[in-house]
Amino acid sequence: MAKHEELPVPVFSSLEPVYGDGSQLEEAELRFDRLKSKFVEVFGQAPDVFARSPGRVNLIGEHIDYEGYSVLPMAIRQDTIVAIRKHDAGESPKLLRIANVNDKYTMCTYPADPEQEVDLKNHKWGHYFICGYKGFYEFAKLKGVDVGVPVGLDVLIDGTVPTGSGLSSSAAFVCASTIAIMASFGVSFPKKEIAQLTCECERHIGTQSGGMDQAISVMAKSGFAELIDFNPIRATDVQLPVGGSLVIAHSLAESQKAVTAATNYNNRVVECRLAAIVLAIKLRMKPQQAIAEVKTLSDVEGLCVSFASDHHGSSDPVIAVKEFLKEEPYTAEEIEKIIEESLPSVFSNSPTSLDVLKAAKHFKLFQLKTNYWRASHVYSEARRVHSFRDTVLSDLSEEETLKKLGDLMNESHYSCSILYECSCPELEELVKICRDNGAFGARLTGAGWGGCAVALVKESIVPQFILNLKDQFYRSRIEKGVINNSDLGLYVFASKPSSGAAVFKF
């Protein structure tokens, strides 16, 4: 039997395999009916096919996928659905018309040209579809698949993953778009290839994504979180304790990953790359070799562990971090002196990294306040991911298992907040309220700088827990008009692991 990641995205003729039964199915049926009606209203014809891809919540393993380390997310029921119709070769004009069921998003129109560049200086919501469009053509060419001359596409989007929430609305959009385009062209690839492709797709919009968001959105299975490994991409089912539930709560501070990439997300990617190169040189690798070969902190972990073992009888790579990196933040000039190369030269093939260099005042390779550096977070978080999975598989009682998983989540949040500096005041307040109200553990999830927190709580207290969050965190925001009381269910909800991407042909 083929491994899960080797299978193609499933194609269904009904909604039940993805949306189950009962009220959730009824809600999905209404949604698809409205989507089809709106499509006909906007474009005058019915769509050929639908694709959906879910958002995700990352349980543990933050900001380490782009360093090559494993992560442990699960899909949530909120998703993005893309309805699409492929024009015949003779139809004019040859345009990509991208509309949204939400009137907040006006129609975006682009030429049917897979070579077009995404205008990063003029951010539009339709750019995410163009990411998938460009990626599809690039991948088809790489695979030797003839998809003919470019033709027009009519596209309608319906997304329920809150934007700026840290629940991967952008990845759900890009994945669903890419899969819809593939389906409309009658092309199919294994899930692992689609996961890798869609990760690279999102880089067209300027985010140096590590691949977790796309991998779980494409490869998720209902009822399971997934341990996602990279190089190569693969997914291993992780069954969470039945007595625990995950509550996701929005801090109401939006995290606009693509817009703030140069100062937040991509900045951390660049910091980690520079950290890895400096460490490699300090551990006796020649500068030119380090620049050419070292891309991530995982590339130098072996050197760090060897040093720790030889000099301290330990396997902790953080020992090398403490030993070789100074406490104050590095300036660009100091780094260039160590690596014997200009930073623009090192990152010459990465426009988004060059944007980071322009924006950065200094690089916090070593975090002054805690005597740890960005690498301390990456290395310790990578270990927590495997400790989380090992705990799930252990012989501990359910109560002990939930407590230990919660402890790991709390440690992860501390590391994200203090060592990696990707939290914000609203997230700190929300995480504290979660813990004060009986959560085994709570942490920010996603890129950070806003977005959501995830809390592990006992299944039996979920209703009261959510009521307490509404009273202690959201009530004051409702009174100030930040959100409407009627929309509260969009911002705080319990979730079980949901299914991954799918295609629907009715």
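Tutor: We may begin with helix α9: what covers its buried residues includes α7, α10 (318–324) and α14. This is a predicted model, in which local features need pLDDT of at least 70, side-chain atom pairs count only at pLDDT 80 or more, and totals for chains, interfaces and linings use all residues. Residues are numbered from 1 along each chain as its sequence is written, and side-chain values use heavy atoms, with hydrogens and water left out.

Student: Which residues of α9 are buried?

Tutor: They are C304, F307 and A308. Buried means under 20% relative accessible area, exposed over 50%, and partly exposed in between (1.4 Å probe, protein chains only).

Student: What puts them on the same side of α9?

Tutor: They cover an arc of only 95° around the axis, and therefore lie on the same side of α9. The arc is that of the directions from the helix axis to the C-beta atoms.

Student: Why is R384 called buried?

Tutor: The relative accessible area of R384 is 9%. The cut-off for buried is under 20%, so R384 is buried. R384 is found in helix α14 (residues 374–393); helices are DSSP runs (H or I, at least four residues), numbered from the N terminus.

Student: Leaving aside neighbours within four places in sequence, which residues are in contact with R384?

Tutor: With those neighbours left aside, R384 is in contact with I60, H377, L408, E411, S412 and S415. Contact means heavy atoms within 4.5 Å.

Student: What follows α9?

Tutor: Just after α9, G313 takes a positive phi of about 60°.

Key:
Helix = DSSP H or I, 4+ residues; strand = E, 2+ residues; numbered from the N terminus.
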